[in-house]
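Please keep the sequence and the structure in view while reading.

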Amino acid sequence: MKIRTILTLGAIALVLTAVSIWVGQLSYSWLPPQAAAESILIDDLFSFLVTLGTFIFLGVTGTLMYSVLFQRAAKYDYSDGPHIEGNITLEVVWTAIPIFLVFWIAAYSYNVYREMGIQGPMELVHLHTPLEMESAIADPLKPVTEPVEEIEVFAKQWSWVFRYPENGVTSTELHLPANKRVRVALNSEDVLHGFYIPAFRLKQDIIPNHSIDFEFTPIRVGKYSLTDSQYSGTYFATMQADVVVESAKDYQSWLATAANTELSPAANQATTEYIEKSKAPVEAGWPTVKPAAPPVVNYHS
């Protein structure tokens, strides 16, 4: 009987493991396309957490359902259940397993963020002894030896401006070369903003009066969305920009074209909405910050 019970529990555990792994692999389809090397790291971590969470959920709910269906007291049975003394071995096991899982998740998560090179407010504490972090690359077996593409990012209420210092190009659309490491210098001209590209799985707070260097590696050609992840005022929802990842040839061609284009004011949705609001016959009962002037750039979408 004991062997039968062990075999039954083992079979159930194998089924739960198979289902959990299947759900974990299915979780990749819940997310946007993997457009940066960092997204692979995040998605693998997410899949791991979904797999682990599915196993625990099915195990706990399955045990509860079994107890409800097969371990119920008979009708009108109001007697006390059997007196059971504590089991030290069982208590040690069910305490040790969660502790092990927590440390496993913590170590895995820390390694992912370390490889991504996430930098945030804590970096400001280490100005004199900066933390050394490596950025994720498309192929970890091939170290990056080519020069890093340098781009300056300026956030303000309510627009994004991207400057390519080597070419003297400014744009409201972020163009990036595929399969090449990119370093962006994040700057805020007024309040706290958030640099967030869902397809890259990247989010970095931008702090006023501090330039934060942030590195990543785009790996998939296409057009993606950049948005402000922090509430930066009335029109923060309009603070979006296109992120265009293109081949090295197309990227250099775009830079050459933009460099030969005269500067002109870019269309700005926040400014348009503010003007329309100011013309409204009835004023709202709350103050509104006037948007910064539309950026003057070489290229805008």
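Beyond its neighbours within four places in sequence, Ser 188 is in contact (heavy atoms within 4.5 Å) with Ala 155, His 193, Ile 206, Ile 207, Pro 208 and Asn 209. This is a predicted model, in which local features need pLDDT of at least 70 and side-chain atom pairs count only at pLDDT 80 or more, while totals for chains, interfaces and linings use all residues. Residues are numbered from 1 along each chain as its sequence is written, and side-chain values use heavy atoms, with hydrogens and water left out.

Ser 188 belongs to strand E5 (residues 182-188); strands (E, at least two residues) and helices (H or I, at least four) are DSSP runs, numbered from the N terminus. Ser 188 counts as buried because its relative accessibility is 11%, where buried means under 20% relative accessible area, exposed over 50% and partly exposed in between (1.4 Å probe, protein chains only). Phe 154 is 34 residues away along the chain, yet its C-alpha atom is separated from that of Ser 188 by 5.7 Å.

| Side chain | Partner | Distance |
|---|---|---|
| Glu 246 | His 175, side chain | 2.8 Å |

Glu 246 is found in strand E10. Glu 246 is buried but has no salt bridge, and the nearest side chain of opposite charge, Lys 223, is 9.5 Å away. A salt bridge needs a side-chain nitrogen of Lys or Arg within 4 Å of a carboxyl oxygen of Asp or Glu; Lys and Arg count as positive, Asp and Glu as negative, and His and the chain ends are not counted.

E10 (residues 240-246) pairs with E9 in the antiparallel sense over 6 bridges; pairing requires at least two bridges found by DSSP. Leu 226 has Ala 241 in E10 as its bridge partner. Strand E9 (residues 222-228) is also joined to strand E6 (residues 193-197) by 2 bridges, and these two run antiparallel.

The mean pLDDT of the chain is 83, and 86% of its residues reach 70 or more; pLDDT is the predictor's confidence in each residue, from 0 to 100. Over residues 119-123 the pLDDT is below 50.

Notes:
A polar contact is a pair of N or O atoms within 3.5 Å; within protein, one must be able to donate a hydrogen and the other to accept it, and residues adjacent in sequence count only if both atoms are side-chain atoms.
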